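Thank you all for coming; I would like to walk you through one model this morning, and I will give each cut-off as we reach it. Please have the sequence and the coordinates open while I talk.

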Amino acid sequence: MNYIDMHAHMVSRTTDDYHAMALSGCLAVTEPAFWSGRDRLGSEAFADYFDHLTTFEPARAREYGIAHYAWLCLNPKEGEDRELTRQVLRIIPEFLSRPTVLGIGEIGLNRVTRNELATFLDHVELALEHQQLIHIHTPHLEDKYKGTRVMVDALAADGRIEPGRVMIDHAEEHTVQMILDHGFWTGLTLYPKTKASPARAIDMIEMYGSERLIVASACDWGPSQPLAIPEFIFEARRRGHTEATIRKIVLENPQRFLGQSPKFVPPTREPRLAQV
Amino acid sequence: MAAHADTCLLTQTQLLDLSFMEHRAHLLAIAAFLDRLERAQGAAGAPQDFRLEALRSALHELTSPEPGRVVRAQMRLSDQNLELLDLRDSQSAFGASRRPHEQQEAEQ
């Protein structure tokens, strides 16, 4: 079955992963900006990174017939540094006009500090100023409930926010309801160890419906699985779900959300010429 | 009636046929981990470790007769104090709150 992976840090994956994803039906990926494993020291490192995300990575994906889109920001793990934040926020606008950039993300919180929240709100302002879609990271593990609650409350209190243009990712059972209740799109990221499994993601879809839910691999350099969505499809079939329901979650819902950006082109399985 | 009754498309027997072995293995993995902790060197301090206490607390939810076990287990592993930290205390999460729930509840 064809699918779109809404959250894949392909910069940290090998080309073999693009190959495997293409074989398993992946038509497009969207790659949010993320943490490289250490806090970066200045905005020039981000300029290099944003250039990589918008040039090399789309070309590498295109060789496998996969469309590659990006989200730009300073990752929540670096949000504590307010001076770095100010530097990076100044350079993001020059990259927003690139043809494969869909919005601002993945912004959010990590340890839920005052500085992280200020950085998160700065990115929201930038997105509003440039009419960008927003892709939000919620903290891992013990901070997830707290961080999700803080961000949902902040966004809900801002009348300028259109919830349908915001996706809140890394939801789990204790946060999915609060995200959906406020009208946001909800991402369920599938991980082999630390987050939701395909079976738990299907549980949440069975209990809360499939209207604004999306699954993604979130694959990165840590323990993760770039073929997590095919695993989800396999598990959903074993659980008796119809092809129409599965297709809605893995292809049609991402297209509905991403289609709000004029840059997003619904992907097809047509041959593409490599343009490296 | 259980919350979200009948939303799983499989019968209980089908679900047991499909998944029992996998979850039996998960159960034994946790049991073996707890035994391994007791056998580990320097184990004297482990019973007081905040992660182990949270894990033992969450395990109680597995024997609960009420639905919603996963949410309650997650909440036992969560920091429920919504007050922002003044400064980042670490880059990575620990998997459980360092503040006992009794303390969190007293703070709220």
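Let me begin with burial: a residue is called buried when its relative accessible area is under 20%, exposed when it is over 50%, and partly exposed in between, with a 1.4 Å probe and protein chains only. At 0% relative accessibility, A:Phe50 counts as buried by that rule.

Before going further, a word on conventions: this is a predicted model, in which local features need pLDDT of at least 70 and side-chain atom pairs count only at pLDDT 80 or more, while totals for chains, interfaces and linings use all residues. Residues are numbered from 1 along each chain as its sequence is written, chains are lettered from A and ligands numbered from 1 in the order in which they are written, and side-chain values use heavy atoms, with hydrogens and water left out.

I will turn to the sheet of chain A. Helices (H or I, at least four residues) and strands (E, at least two) are DSSP runs, numbered from the N terminus, and two strands pair if DSSP finds at least two bridges between them. In chain A, 8 strands form an open sheet with parallel pairing, in the order E1-E2-E3-E4-E5-E6-E7-E8. Its edges are strand E1 (3-5) and strand E8 (213-216), each of which pairs on one side only, and from one strand to the next the twist averages 25°.

Moving into the sheet, E3(A) and E4(A) run parallel and are joined by 3 bridges, with A:Trp71 standing opposite A:Gly103 in E4(A). A:Gly103 in turn has A:Leu133 as its bridge partner in E5(A), and A:Ile104 has A:Ile134 there; altogether E4(A) and E5(A) pair in the parallel sense over 5 bridges. On to the next pairing, 3 bridges join strand E5 (residues 133-137) to strand E6 (residues 166-168), again in parallel, and A:Ile136 stands opposite A:Ile168 in E6(A).

How many of the residues of E4(A) are buried? The count is 8 of the 8, so E4(A) is largely enclosed by the rest of the structure, and for E5(A) it is 5 of the 5, so that strand is likewise largely enclosed. In a regular strand, side chains alternate between the two faces of the sheet. In E5(A), A:Leu133, A:His135 and A:His137 point one way, whereas A:Ile134 and A:Ile136 point the other way, and all are buried.

H2(A) lies across strand E2 (26-32), E3 and strand E4 (101-108) of chain A, running at about 155° to E3(A). Helix H8 (residues 198-208) of chain A packs on the sheet by touching strand E7 (185-189) and E8, and its direction makes about 175° with that of E8(A).

Now to the aromatic residues. Rings of Phe, Tyr and Trp (its six-membered ring) pair if their centres lie within 6.5 Å, and planes under 30 degrees apart count as stacked, over 60 as edge-to-face and the rest as tilted. Over all chains the count by this rule comes to 8 aromatic pairs. One of them is the edge-to-face pair of A:Phe50 and A:Phe95, at 5.6 Å centre to centre with 70° between the planes. A:Phe50 lies in helix H2 (residues 43-54) and A:Phe95 in helix H4 (residues 82-96) of chain A, so the pair ties together parts that are 45 residues apart in sequence. A:Phe95 is buried too, with a relative accessible area of 4%, and A:Phe46, A:Tyr49, A:Phe50 and A:Phe95 form one aromatic cluster.

Last, I would point you to A:His170, found in the loop between E6 and helix H7 (176-181) of chain A. Is A:His170 buried or exposed? At 2% relative accessibility, A:His170 counts as buried. Its side chain makes a polar contact (a pair of N or O atoms within 3.5 Å; within protein, one must be able to donate a hydrogen and the other to accept it, and residues adjacent in sequence count only if both atoms are side-chain atoms) with the side chain of A:Thr189, at 2.7 Å. Leaving aside neighbours within four places in sequence, A:His170 is in contact with residues including A:His7, A:Glu106, A:His137 and A:Lys195.

Methods:
Axes fitted to C-alpha atoms, helices over the stretch in contact; angles between N-to-C directions. Contact = heavy atoms within 4.5 Å.
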